[in-house]
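Biologist: Shall we go through this model together and ask what stands behind each label?

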Amino acid sequence: MSAQSLTPVEDAMRTKITQALNPTNLEIYNDSSSHSHHKAMQGTVSKETHFRLVIASEAFRSKMQPARHRMVYALLKDELERAGGIHALQLKTRTPEEEERLMAQERAEKGQHVADVENK
C-alpha cells in the first residue's frame, strides 16, 4: 500500500510539464496558503489552488509569451477545470537562453550592488 501524496495537483503539474516540455528549469511555488482566507476560497477543501510556475524549455523557442502560456494552459486543462482545482496560475515561460541571460543579469546586478556597498 503506497502513501497518498499530499500535493497531488503539484505532482500532476510537474509530471505533465516535464513529459511535454522537457524543461531545463522548472520551479513550482504553491502559494495557496497565502490565499486561503479569500472569500472565493471559502468552502474549498483543496490546499492546492494558487501556483507560480517558472519554466525554461526549448519548446518555447520562436513563440511569443501568449502562445507559451496557451501551451501550459492546455497541458493543465484538467487541473484548471476541476472543481476545487487551480484557481490562479502565474507563469514565467522562457527559453534556456532567455533564462541564462536573466541569470547573468541578476548575477551582474548582485555584483554591482555589492561593489556599491563596499565603496561607501
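**Labels and their cut-offs**

Modeller: Gladly! Among contacts in the protein chain (heavy atoms within 4.5 Å) between residues at least 6 apart in sequence, 67% join residues at least 24 apart. Please keep in mind that this is a predicted model, where local features need pLDDT of at least 70, side-chain atom pairs count only at pLDDT 80 or more, and totals for chains, interfaces and linings use all residues. Residues are numbered from 1 along each chain as its sequence is written, and side-chain values use heavy atoms, with hydrogens and water left out.

Biologist: Which elements does the protein chain run through from the N terminus on?

Modeller: The order is α-β-β-α-α-β-α, with four helices and three strands. These are DSSP runs numbered from the N terminus: helices are H or I with at least four residues, strands are E with at least two.

Biologist: Why does Ile86 count as buried?

Modeller: Buried means under 20% relative accessible area, exposed over 50%, and partly exposed in between, using a 1.4 Å probe and protein chains only. Ile86 has 6% relative accessibility, so it counts as buried. Ile86 sits in the loop between helix 3 (77–81) and strand 3. Leaving out residues up to four places away in sequence, Ile86 touches Val9, Met13, Glu48, Thr49, Phe51, Glu79 and Leu80. Its C-alpha atom is 6.1 Å from that of His50, 36 residues away along the chain.

Biologist: What makes strand 1 and strand 3 the edges of the sheet?

Modeller: Two strands pair if DSSP finds at least two bridges between them. The open sheet has three strands in the order 1-2-3, with mixed pairing. Strand 1 and strand 3 each have a single partner strand, so one side of each is left without a neighbour in the sheet.

Biologist: How many bridges join strand 2 to strand 3?

Modeller: Seven, and these two strands run parallel. One of the pairs is Ile55 with Thr93 in strand 3.

Biologist: And what makes a set of residues a nonpolar core?

Modeller: Its members are buried Ala, Val, Leu, Ile, Met, Phe, Trp, Tyr and Cys residues joined through side-chain atoms within 4.5 Å. The largest such core here has 15 residues, among which Leu53, Ile55 and Val72 touch the most other members. Helix 1 (8–21), strand 1 (25–30), strand 2 (50–56) and strand 3 (88–94) each supply at least two residues, and helix 1 gives the largest share, four residues.

Biologist: Which residues is Val72 in contact with, leaving aside neighbours within four places in sequence?

Modeller: Leu21, Leu53, Ile55, Phe60, Leu91 and Thr93.
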